[in-house]
Every structure is written in structure tokens, then in C-alpha cells.
Amino acid sequence: MNEFNAPAKENIVLFPKTLDYYQIQLTVMLESERYGEAMELLRFLLQCQGQEERHYEEWQSLHDWLAAAFPYAVQGGDTDAAFQAEEPEVGEEDMARTLARSKLAEDAGYADKLLKRVMDEPLSESTVLALEQLSYLEGGQVDEALTGWLQQAEVHPLLQFRTLQTLRRRGVQGTIILSRGHETAEVEIETVPLSSDEFPPQVSQVLERVAEQAEVHEPTLYYFAQELWGQFIMSIYGSGDYRTLLDGDDSQLDIWAGALHQIVSESLNGSRQEEETRGMYGITGTMRFQFEGAYRSLRGFVKSSLLDK
């Protein structure tokens, strides 16, 4: 990833939108288990100046954990053939589980520390990493702590979803009731998607529509739309908006695709050309009210995510 080879720290300054872009990149790399690339990006970020001290501490902590958990990825990338040939029976998940359990053996309060990080800190790579480590620790007290917290505390919807994934990985089953502002969401833990391909097809069909239009009108838009849509879908999982998307016909998919295209185009270009966007997706006047509702939902998520940074 030569993209992240950089000069000395004093020569690098990240603007807010650039930092947001790299934070998204980092999250995607961790989710797709591209640990070598993630470490390279973290090294790049640590060279940058002008950021809050908590960012540097978080990046350094994450880098050190990845280097300890996946040492073969430090130099050899994410698919080190020699390592795989020598140790085919040891996967990344097994290594992560071994590391988490070894830390628990060294420190009896390790699980409590991870829980505190998840429950008391804002959503970040650090809290996502803590949830991943909790996936590998045994004990019903972790399940009880996480489910009780989700049901009783006001938790950002994206962090709610990440925690639900952790509960599913831990083998928890049953229904949980979550608060989402003025509504509640009823979720079956054992059906929570662990990857993008586990979501219903309607989710990817919205992106397919955006890809078709972006290829013609604005090729760079699709990448950002893909990242935003993935985060948004996780944040609305189980909600009224989510059920509307899954229960709707093709016109409902067009509405969500148009709203997604509109919000990303505004972010990139700084201008709002709603009529043009609605025309691309065949959104007629009778569909405008639904389009505006989808747009407000997406915009509300973007605003809440920025405020939480």
C-alpha cells in the first residue's frame, strides 16, 4: 500500500474530511481482516501532526495489538504464503482468541476492562477492537453485561449493532428489545448479520442502482456511497426504516438509492441538485415525500456520526 508511504511527521497535515476518510478506510480494513494494510495505515496516521492526542494513543494501541496478534502481517501483508504453508491449521481467528484468553489469564479483570471501554467510550476503532476481543472470552457474565447495557442505556445505533454482532459470535440466542430514539427495535440475536453478504438482497440492490448511475455521472461517488450505506444499514438494523426497505418494492429501492446518491453528492460537491438526482432514479412527484424521508434518515445518521467523533 504505497499510498501510505509518507515523509516525516512535520510535513503531514490531515484536514478533517481527510481524517474521516482514513478512519473509514481503517474500519473497513479491520472488518475485512486486512491487518497488514491496517498496520501500514496506522503507521502513516501516527506520522501526521495536528490531531488530538487521544487519536495518537488510540492508533498506537491498535497498532501494537495488531502487531502482537498478527505478527506475520507486519512485514508480509495479510496473506503471507510462507506462514500459511507452515501453519495451515492456525487461522487469524484462532490467534485472536488465543491472545484474548492469554490476556485474561494474566489479568482476571481483563474482561471488565474491555466492557468498560465499550460502555464508557465513544464508538471508535478501540471500542470495535474491544468488542472483537470480548467475542473470544467465555463466561455468561459478559453476555449479561452486554445485553443489560443495550437494553438500559442510550447507545449509538452503530455501537448497538456492533455489540449485537459480538453477542451472536458468543453464541447468545433470543430476542432483545432496543431503544432507537422514539421507537423500539426487536432483534433476534442469532440472525444478526456478521458480514455484508448476510444482509437481505435489498441492501445490496440499493448499491447496485447507485453504481449504475455513478458510473455514468460521477464515478468517484460510488466508493463513498458504499461506505456510508454499509454504516447506515448497520445503524438502522431492526428499525422501522430497515423494515420499510425490506418490505418495499423496486420503487422503494429507487427511493433509497436516490437519497443515498443525493447525500453523498452533496458532501462531495457542496451543492444540492435534487431534481436531477430524482430524475436519475425515476422518482416521481408522488414518491417525493418518501424520498425526502429517506434523505432525512441518511442525513441524520451522518450528522450524529460527525458529532460523535
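Reply: Residues 24 or more positions apart account for 65% of the chain's contacts with a separation of 6 or more, a contact being a pair with heavy atoms within 4.5 Å. The model is predicted, so local features need pLDDT of at least 70 and side-chain atom pairs pLDDT 80 or more, while totals for chains, interfaces and linings use all residues. Numbering starts from 1 along each chain as its sequence is written, and side-chain values use heavy atoms, without hydrogens and water.

Me: Why is W256 called buried?

Reply: Buried means under 20% relative accessible area, exposed over 50%, and partly exposed in between, with a 1.4 Å probe and protein chains only. W256 has 2% relative accessibility, and therefore counts as buried. Its place is in helix 14 (residues 250–269), where helices are DSSP runs of H or I with at least four residues and strands are E runs of at least two, numbered from the N terminus.

Me: What does W256 touch, not counting residues up to four places away in sequence?

Reply: W256 touches V206, W229, F232, D241, L245, A294, S297 and L298.

Me: How do you know that the span of helix 12 is close to the expected one?

Reply: The expected span is 1.5 Å times one less than the number of residues. Helix 12 (residues 221–236) has 16 residues and reaches 22 Å from its first C-alpha to its last, close to the expected 22 Å. Among its buried residues are W229 and F232, both of which W256 touches. After helix 12 comes G238, with a positive phi near 85°.

Me: Which element gives the most to the lining of the second largest pocket?

Reply: Helix 12 gives the most, with 7 residues. By class, the lining has 22 nonpolar, 10 polar and 10 charged residues; Asp, Glu, Lys and Arg count as charged, Ala, Val, Leu, Ile, Met, Phe, Trp, Tyr, Cys and Pro as nonpolar, and the others, Gly among them, as polar.
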